[in-house]
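Subject: Structure handover

Hello,

Here is the structure we spoke about, with notes on what was found in it. Please look through the model first and then read on.

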Amino acid sequence: SCLLVLGTGSLDGSGSESNRPAKAESCQSYNSQLREITLTFLLMLPRCASAGDDGLVLVWNVETGERLQELRGHSQQITAITTITCKNEVTLNTSLITASSDRSLSLWDPDTGNRVQTISDLHSSVKCLLVLERLCVWLSGGEELCVWNRDFQLQCQRPNHSDTGITALIELPKNYIAAAMDKKIMIYSLTVSADSSLSVAEIRCLSDHQDQIRALINVNDGLFASGSHMGELILWNATEWNLLAYEHILWEESQDYNQTEIRMGAPKPSEMSIQHLTTNGNLILAAVGSGLYVYSVQTRSVVAYRKVAHDSNVLHTMLLSDCELMSCSEDGSVRMWEIQDLPLPAEPASSGFFGMWSFGRSNKQSGPPSKKVIDIPNIRMLELTGDLIGHSGAVQMFVSFTEKGLVTCSADHLLILWKNGERQSRLRSLALFQKLEERGGL
């Protein structure tokens, strides 16, 4: 068995509370994932689902920590999970779709825990899922791209010729789909005919990346972004599919040989790899090796970075606002950051902040020498404002429930629910005063 820990701590990234580690408020033991938990997903509040290497999916109440349902049916690791909501004459029905390494897909009723539909003996395991709710269809990506209706009936499919298969899918305007396959992004069109049948066709291949694509996200209605294993960040037009900006995170040794310094060799590929991308439409936050990199969509430039934000690779990130963010890592830490102005020239900068990263507005063919981050105007710093201490293994990801709290999942078999300590304190005080008023005072 494993634990679900209910804890409280300030999650707003400001004030004295957020500079202290979050403290557990209560602990309860549940029969949960026996192997590491790799995915969490938001259902309709107050519920979330967790999935792991054991093929088990659990549905939780975020407010209380109660385990609501146990979805058993897969025999191997869950590789993708999402929800689909379809409207009937009376209500909206939300179902859960899961994909597994056992080469099967399942449709679940999260209210009852029943498996409604299942598709087995696929040619390969599905790596990603995408739901198009306005068409009430969903897509699966792996060695082939498949389009399914809400009744789990295959509508059309398209094979691909990549050894890695499709690793990410996003929706683009006007019924187009972008799929990441190795170093390329394929653009597909989804056509609905007069008899309501669907067809999918390959439209364009975007081959500007030089290494495997690790992340693909929508930025806003007109833009999407991708990040590669060698630290390339590309901003794309979502309607014309042309490259708008290209940033390459490079490693340079200092050319100042007169100063005493420790010379470092070229980094490992993992130290440059973009592991995760997230955006709020204004900024793009990239997890680059063990560091964090903040890019402005409007100015097409770096606005802040932290070369070493964690002791190991950053696995997941989230922008809380235009100046606050969170990250988690293989080292088991979950950290809160604030974008702040650099110290004045007369003030000493914090040790280790200015590393040997450089960001260039270059392209693959040729261009001017890359500028070091310290020379880029208006660059800002990421200041650590808080740690959420509780996991002993790699924190795979987290999901925010706004004022309800935050859920983190880890290789240590734990799901931890974090809540804003200040808010919880106010709620307890309010409840106490209400009880006192009902009883006529002390």
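**Aromatic pairs**

Trp138 is buried, because its relative accessibility is 1%. Please keep in mind throughout that this is a predicted model.

Phe152 is buried as well, with a relative accessible area of 7%. The structure holds five aromatic pairs. Trp138 and Phe152 make up one of them, a tilted pair with 4.9 Å from centre to centre and 45° between the planes. Trp138 belongs to strand E12 (residues 137-141), while Phe152 sits in the loop between strand E13 (144-149) and strand E14 (154-159), so the pair ties together parts that lie 14 residues apart in sequence. Trp138 and Phe152 also belong to one aromatic cluster, which they form with Trp148.

Another pair is that of Phe224 and Trp236. The ring centres of Phe224 and Trp236 are 6.0 Å apart and the planes meet at 15°; planes under 30 degrees apart count as stacked, so this pair is stacked. Phe224 is in strand E20 (residues 223-228) and Trp236 in strand E21 (residues 232-237), so that the pair links distant parts of the chain, 12 residues apart. Both partners are buried: Phe224 has a relative accessibility of 0%, and Trp236 has a relative accessible area of 1%.

**The sheet with E12**

Strand E12, which carries Trp138, is part of an open sheet of four strands. The strand order is E11-E12-E13-E14, and the pairing is antiparallel. Strand E11 (128-132) and strand E14 are the edge strands; each has a single partner strand, so one side of each is left without a neighbour in the sheet. From one strand to the next, the twist averages 15°.

E11 and E12 are joined in the antiparallel sense over five bridges. As for individual residues, Leu129 has Ser140 in E12 as its bridge partner.

**The eight-strand sheet**

There is also an open sheet of eight strands, with mixed pairing. Its order is E23-E24-E25-E26-E32-E29-E28-E27. Which strands stand at its edges? They are strand E23 (274-279) and strand E27 (314-319), each with a single partner strand, so one side of each has no neighbour in the sheet. The twist in this sheet averages 25° from one strand to the next.

Within this sheet, strand E29 (residues 334-340) pairs with strand E32 (residues 380-388) in the antiparallel sense, over seven bridges. Glu338 stands opposite Glu383 in E32.

**Cysteines**

How many disulfides does the model contain? The count comes to zero. The cut-off for a disulfide is a pair of cysteine sulfur atoms within 2.5 Å. For Cys156, the closest cysteine sulfur is that of Cys146, at 8.5 Å, which is too far for a bond. For Cys328, the closest cysteine sulfur is in Cys409, at 7.8 Å, again too far for a bond.

Are these two cysteines, Cys156 and Cys328, buried or exposed? Cys156 counts as buried, because its relative accessibility is 11%. Cys328 is buried too, with a relative accessible area of 0%.

Regards

Methods: Residues are numbered from 1 along each chain as its sequence is written. This is a predicted model: local features need pLDDT of at least 70, side-chain atom pairs count only at pLDDT 80 or more; totals for chains, interfaces and linings use all residues. Side-chain values use heavy atoms; hydrogens and water are left out. Rings of Phe, Tyr and Trp (its six-membered ring) pair if their centres lie within 6.5 Å; planes under 30 degrees apart count as stacked, over 60 as edge-to-face and the rest as tilted. Helices (H or I, at least four residues) and strands (E, at least two) are DSSP runs, numbered from the N terminus. Buried means under 20% relative accessible area, exposed over 50%, partly exposed in between (1.4 Å probe, protein chains only). Two strands pair if DSSP finds at least two bridges between them. Axes are lines fitted to C-alpha atoms, for helices over the stretch in contact, and angles run from 0 to 180 degrees between N-to-C directions.
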